[in-house]
Amino acid sequence: MAITALYSAASGMRALDEKLNVVANNLANINTTGFKKSRVNFEDLLYQVQREPGVPNANDEPIPLGVVVGTGAQVSSTQLNFELGTVDPTGRPLDWQIEGRGFFQVNTIYNGSEITAYTRAGSFAINAVGNIVMTNSDGSTLEPPIAIPEDATLVAVGRNGEVRVQQEGSNTLNVVGQIELARFVNPEGLKQIGQNLYVETDASGAAVTGTPQTDGMGAISQGNLEMSNVDPVRELIDLITAQRAFELNSQSIQSADETLQIVSNLRRF
């Protein structure tokens with residue numbers, strides 16, 4: 001049984017090591033625009049059934065309890081949390097917050113292929129040809145593309161995602177594009193690929209696209225950014241509890257080792 005205890009404790013330490021990695025990543029991205037924290041879900045492993053519950057006793061009556069010994073734990077999944085993050089009022093015209101459900105759609109390169117990716121990070125800029133792009137390291141282009149004229153003096157974005165500009169020598173606002181959002185049946189099934197981007201998977205379901213404030217989509221708030229939804233106090237508590245659980249598992253290994261040492265010494269006599 002000491003051998004089983006060794007492997008059970010080792011599996012617990014491996015699982016807790018993954019939890020520490022996830023908590024550390026959450027804390028590292030505490031200032032990342034639009035970042036969504038993750039949590040680790042655990043599950044128990046197989047059980048060694050030494051005696052089945054309900055086996056008849058000498059009087060042919062089912063015994064109430066059996067003898068079942070577990071073999072440890074493992075990580076069953078990491079789960080994204082899409083609660084809204086805090087709002088940072090920047091006042092910048094190309095900073096957009098989604099109030100409610102939805103993702104911005106951008107064009108990016110992933111695994112050598114050009115794909116549509118999704119993001120909650122609403123910090124955008126204008127590239128050399130006038131297109132609106134993300135401020136991530138690749139400058140992913142907003143989809144559908146929206147071009148801002150070179151002589152634009154004002155960019156105004158409505159809550160419905162309509163983009164208007166005022167140009168030099170004009171007092172009117174002209175429509176130059178329409179922001180479209182995407183939503184998913186199961187956004188927690190999206191795959192994180194870095195650079196504040198997600199891609200759809202079979203778990204997330206296909207993207208449903210539409211304009212803001214329609215078909216369940218949120219509204220666009222210009223001049224605001226959605227920041228990370230990481231709660232530093234909660235993450236620090238998770239970090240401490242994971243560290244203590246790791247220490248307890250290491251003590252289980254030490255106890256199992258001492259038991260094996262005693263058994264090994266008995267063989268000498």
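Predicted model: local features only at pLDDT ≥ 70, side-chain atom pairs only at ≥ 80, totals over all residues.
Residues are numbered from 1 along each chain as its sequence is written, and side-chain values use heavy atoms, with hydrogens and water left out.

So what does Lys36 pair with in a salt bridge? Its partner is Glu226, at 2.3 Å from N to O. A salt bridge here is a side-chain nitrogen of Lys or Arg within 4 Å of a carboxyl oxygen of Asp or Glu. Glu226 is buried too, with a relative accessible area of 1%. Side chains of opposite charge can pair when their charged atoms come close.

This pair ties together distant parts of the chain: Glu226 belongs to strand 20 (residues 224–226), Lys36 to the loop between helix 1 (2–28) and strand 1 (38–44), and 190 residues separate them. Helices (H or I, at least four residues) and strands (E, at least two) are DSSP runs, numbered from the N terminus. Arg120 joins in as well, linked with Lys36 and Glu226 in a network of salt bridges.

The count comes to eight salt bridges, including these:

| Pair | N to O distance | Relative accessible area |
|---|---|---|
| Glu162 and Arg164 | 2.8 Å | Glu162 24%, Arg164 29% |
| Arg244 and Glu247 | 3.4 Å | Arg244 46%, Glu247 38% |

Arg244 and Glu247 both sit in helix 2 (residues 232–266), three residues apart, or about one turn of the helix. Arg244 is partly exposed, and so is Glu247.

Now for Arg164, which is partly exposed and stands opposite Val175 in strand 14. Strand 13 (residues 162–167) runs antiparallel to strand 14, and four bridges join them; two strands pair if DSSP finds at least two bridges between them.

Zooming out, three strands form an open sheet in the order 12-13-14, with antiparallel pairing. Strand 12 (152–157) and strand 14 (174–178) are at the edges with a single partner strand each, so one side of each has no neighbour in the sheet. On average, neighbouring strands of this sheet are turned by 30° against each other, direction ignored; axes are lines fitted to C-alpha atoms, for helices over the stretch in contact, and angles run from 0 to 180 degrees between N-to-C directions.

Definitions and conventions. Buried < 20%, exposed > 50% of the residue type's maximum accessible area, 1.4 Å probe, protein only.
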